[in-house]
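We will go stop by stop.

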Amino acid sequence: MRGVWAVERVRDAERRVFERTPEAALMRRAAFAVAVRSAELLAEQTGGTSGRRVALLVGAGNNGGDALWAGAFLRRRGVAVTAVLLAPDRVHAEGLAALLRAGGRRVVASGDSEAARDAVADADLVIDGIVGLSGRGPLRPDAEALVDAVTGLLVAVDLPSGVDPDTGAVAGPAVGADVTVTFGGRKPGHVLAEGAVLSGAVTVADIGLGEALGEPDIVLLDPADIGALWPVPGPEDDKYTQGVAGVAAGSATYPGAAVLAAGAAVLATSGMVRYAGPAADAVRTRWPEIVATGSIADAGRVQAWVVGPGLGTGAAGRDVLAHVLDQGVPVCADADAINLLASTPELWDVRDPETPLVLTPHDREFARLAGEVGTDRVAAARRAAERYNAVVLLKGHTTVVAAPDGRVLVNQARGAWPATAGSGDVLSGLIGALLAAGMDPWLAAGCAAGVHELAGDLAADGAPIGASALLRAVPDAVRRVRAAAAASA
Ligand SMILES: NC(=O)C1=CN([C@@H]2O[C@H](COP(=O)(O)OP(=O)(O)OC[C@H]3O[C@@H](n4cnc5c(N)ncnc54)[C@H](OP(=O)(O)O)[C@@H]3O)[C@@H](O)[C@H]2O)[C@@H](O)CC1
Ligand SMILES: [K+]
């Protein structure tokens, strides 16, 4: 599991470390990491460092200081370095002095805009030290014009400028980095919203913040973590001991959601799957291993329910949801089940609040249930999780999973191909099977999201796919996460 720390936490850690390590030493460590990574990239892309051109975009604070020191270190490797000063009156004086001592050049962005533009356009690599942890709002016009002129590689110091450090949101022009070098640990801006894409490949440099950071605010599950958590049958197991998942989804007119959700439950674990609803014939035909019945009342016992995909929001759907919520077993409520919970608040009274519930809204469903998501997706998911005492999986390019006790994990997208009709039905089936296997609901949602994303990526392989193809790739995705776990054990 990799951690992500909110900016305030990083600031706290920084203050504690400053008590024993001078600020300048910390900055030099940070800058050295930026220089090392930049030199590696230059060597990979241009075959060397000596004589290569690097431009530094230098803003008003310590982020600019990092860039200037990185430039000084690169000078020692024979790189021609030009600092473009965006705020010459507030520039980090020691960093600038170090660069000039090392033989670097400087131009002032506003004073000599043509020279500044040329330095950036001609550079093999540009280092973005415009703004870091204190960044607010998008790039300002002078910086935007320079960033537009970049033709070479772009390395962001700490965060791509223009990305909100705590939410990853972008409200206008921003840097799109090839690589971001950050310090101590990832920040939310690297893994959420547009920031997850604009950060490029993130390198975390250890500058000695270490234990001062404490427990992370958000975690990222790696394939190896997911593989280690994925339920595996033992010799003593039979079809019942691994958990029976129930699926209440679909309609006679729209059986597809039921076929996809139930199929995902079949492929997620080797426990049994029951289906109840008007699509029983279609489900049985496609998945003969599923015990399917037309009526929820005849469904038999299960260890967890998936309810909602294709259910409809009429009286029949409402009755099914009420029945499922009353069974005292974990429930994954998706799609129309969420819409019903939003439109019919009495349904909450049926549920025993001690019974785990996983809600899997996209933004519009979330808005119906708990108000607009807004730019802070983690805060929104956390708020809803606490309010409903439920795990909330907020879908998006980066999926956020919040637990009622405040734990948050995010699942980063590998691409956008899985955003296709029926894809959510598959996700809910995976979650239901993991809940039936007895997994912690927050981890169940996170592991399902990770395997779902990987399955989409494997199935797509660079071309559009439907949800059926994603579903077929689920076994391969499970094999891969298990192999990753075995390799890291
Ligand atoms: N944490 C650590 O352990 C370590 C941190 N280190 C480094 O320090 C960095 C944080 O430095 P920092 O606090 O000096 O502020 P920083 O981000 O450079 O901003 C400076 C000023 O920019 C302005 N500004 C705001 N938004 C803007 C925008 N959109 N576009 C343009 N300008 C904008 C705003 O001033 P304003 O113009 O609004 O008055 C703001 O005060 C951190 O990211 C890391 O690189 C390492 O050196 C060592 C270890
Ligand atoms: K930056």
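Predicted model: local features only at pLDDT ≥ 70, side-chain atom pairs only at ≥ 80, totals over all residues.

Start by selecting D461. With 11 C-beta neighbours inside 10 Å, D461 counts as exposed. Residues are numbered from 1 along each chain as its sequence is written, while chains are lettered from A and ligands numbered from 1 in the order in which they are written.

D461 sits in the loop between α18 and α19. Helices (H or I, at least four residues) and strands (E, at least two) are DSSP runs, numbered from the N terminus. Check the backbone of D461: its phi is positive, about 45°, although D461 is not a glycine. Most residues other than glycine have a negative phi.

Now select A335. A335 also has a positive phi of about 45° and is not a glycine. Find A335 in the loop between β14 (331-333) and α13 (336-343). Is A335 buried or exposed? A335 is buried, with 24 other C-beta atoms within 10 Å.

**Helix α20**

Select residues 474-488. This is α20, with 15 residues. It reaches 21 Å from its first C-alpha to its last, close to the 21 Å expected (1.5 Å times one less than the number of residues). Colour V474, A477, V478 and V481: these are buried. Look down the axis of α20: its buried residues fall within an arc of 100°, so they line one face of the helix. The arc is that of the directions from the helix axis to the C-beta atoms. On the other side of α20, R479, A486 and A487 are exposed. The cover over the buried residues of α20 includes α9 (223-229), α10, α18 (441-460) and α19 (467-472).

**The core**

Next, select V84 and V307. In the largest nonpolar core, which has 179 residues, these two touch the most other members. Such a core is a set of buried Ala, Val, Leu, Ile, Met, Phe, Trp, Tyr and Cys residues joined through C-beta atoms within 7 Å. Helix α10 (residues 256-268) gives this core its largest share, 11 residues.

**The two domains**

Finally, colour domain 1 (2-218) and domain 2 (223-488). These bounds come from an automatic or database domain assignment. Their C-alpha centres lie 40 Å apart.

Methods. Buried ≥ 20, exposed ≤ 12 C-beta atoms within 10 Å, placed from the backbone. Contact = placed C-beta atoms within 7 Å.
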